[in-house]
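User: I'd like to learn how to read the features of a protein model. Could you walk me through this one?

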Amino acid sequence: CTSGEKNPFGVGGTDRGFNGPGYDECKVNTQLGLAVEKEAKERGLYVVKTWDPQNMPPAVPKQQDLDRRNATVNRDVAKYCDDSIYVSIHHNSDKAGTSGQRAYFAATKPDSMKLVESMQATAWRRREGDIQPDTKTQNKLLQGLRGVNSVGVLLEVANVKNSYDAANMDTAAFRSNVARRIVDGAINYFNLKEGKERPLSYCHRQKLGG
């Protein structure tokens, strides 16, 4: 929501993602992100937001925005050396029109797969081809996933080109269900044995010299 670049779809203003009748990606991403934060905190997880709607940083070009978000995560990881995950929440406009959630991981970080699988195992609905490397995206990489010192996943929670998804994605009931399921996926991941069933955190690996 804080990219200061022009909308790439030629409709003026700055880039807030896909827009349509009753649909604004910036809005639905923010609302779902806040619901996930609330659910996670209530269930004992520590949450760091990369963007705060109550304290918005100035709009900058998208590259700087991504750098700023990554730096927020990496400062926290360095400060606490915590067992952290990075979750990027989105909705998209997939012309195939299929319903459900799709997850992307950085091709440079195959160790993120356990997190991705945990997230998709609890997804409200899994989209066809529901797990993809970021090399399958339009830009062939997702800097947010590649630039953080933790395992990460980008979730395309629902598809505005699907009539069911479009009708539900901006409702409180849908947000509550999806938020609960995202946090379920995170907790299931953390319940796996670190270093055996899932990878050691990046900070813990550095301490061990690898």
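User: Let's start with R126: is it buried, partly exposed or exposed?

Analyst: Buried means under 20% relative accessible area, exposed over 50%, and partly exposed in between, using a 1.4 Å probe and protein chains only. R126 has a relative accessible area of 45%, so it's partly exposed. Keep in mind that this is a predicted model, where local features need pLDDT of at least 70, side-chain atom pairs count only at pLDDT 80 or more, and totals for chains, interfaces and linings use all residues. Residues are numbered from 1 along each chain as its sequence is written, and side-chain values use heavy atoms, leaving out hydrogens and water.

User: Which side chain does R126 meet in a salt bridge?

Analyst: Side chains of opposite charge can pair when their charged atoms come close. The rule here asks for a side-chain nitrogen of Lys or Arg within 4 Å of a carboxyl oxygen of Asp or Glu. R126 meets D130 that way, at 2.7 Å from N to O. D130 is buried, with a relative accessible area of 14%.

User: How many salt bridges does the structure hold?

Analyst: There are 16. Among them is R175 with D170, whose closest N and O atoms are 3.6 Å apart. R175 counts as buried at 17% relative accessibility, while D170 counts as partly exposed at 27%.

User: Where do W124 and F174 lie?

Analyst: Helices (H or I, at least four residues) and strands (E, at least two) are DSSP runs, numbered from the N terminus. W124 is in the loop between α3 (113–121) and β5 (126–133), and F174 is in helix α6 (residues 172–190), so the pair ties together parts 50 residues apart in sequence. W124 is buried at 14% relative accessible area, and F174 is buried too, at 9%. Together with Y164, W124 and F174 form one aromatic cluster.

User: Which charged end sits over the ring of Y164?

Analyst: Here you check whether NZ of Lys or CZ of Arg is within 6 Å of the ring centre and within 35 degrees of the ring normal. R125 has its charged end over Y164, 4.9 Å from the ring's centre. Elsewhere, R198 lies over the face of Y189, at 4.9 Å from the ring centre.

User: And which cysteines does a disulfide join?

Analyst: A disulfide is a covalent bond between the sulfur atoms of two cysteines. The test is a pair of cysteine sulfur atoms within 2.5 Å. Searching the whole structure turns up one, joining C81 to C203 with an S to S distance of 1.9 Å. This pair links distant parts of the chain, 122 residues apart: C81 is in the loop between α2 and β3 (85–92), and C203 is in helix α7 (residues 202–207). The torsion about their S-S bond is about -115 degrees, so the disulfide is left-handed. Both C81 and C203 are buried.

Methods. Rings of Phe, Tyr and Trp (its six-membered ring) pair if their centres lie within 6.5 Å; planes under 30 degrees apart count as stacked, over 60 as edge-to-face and the rest as tilted.
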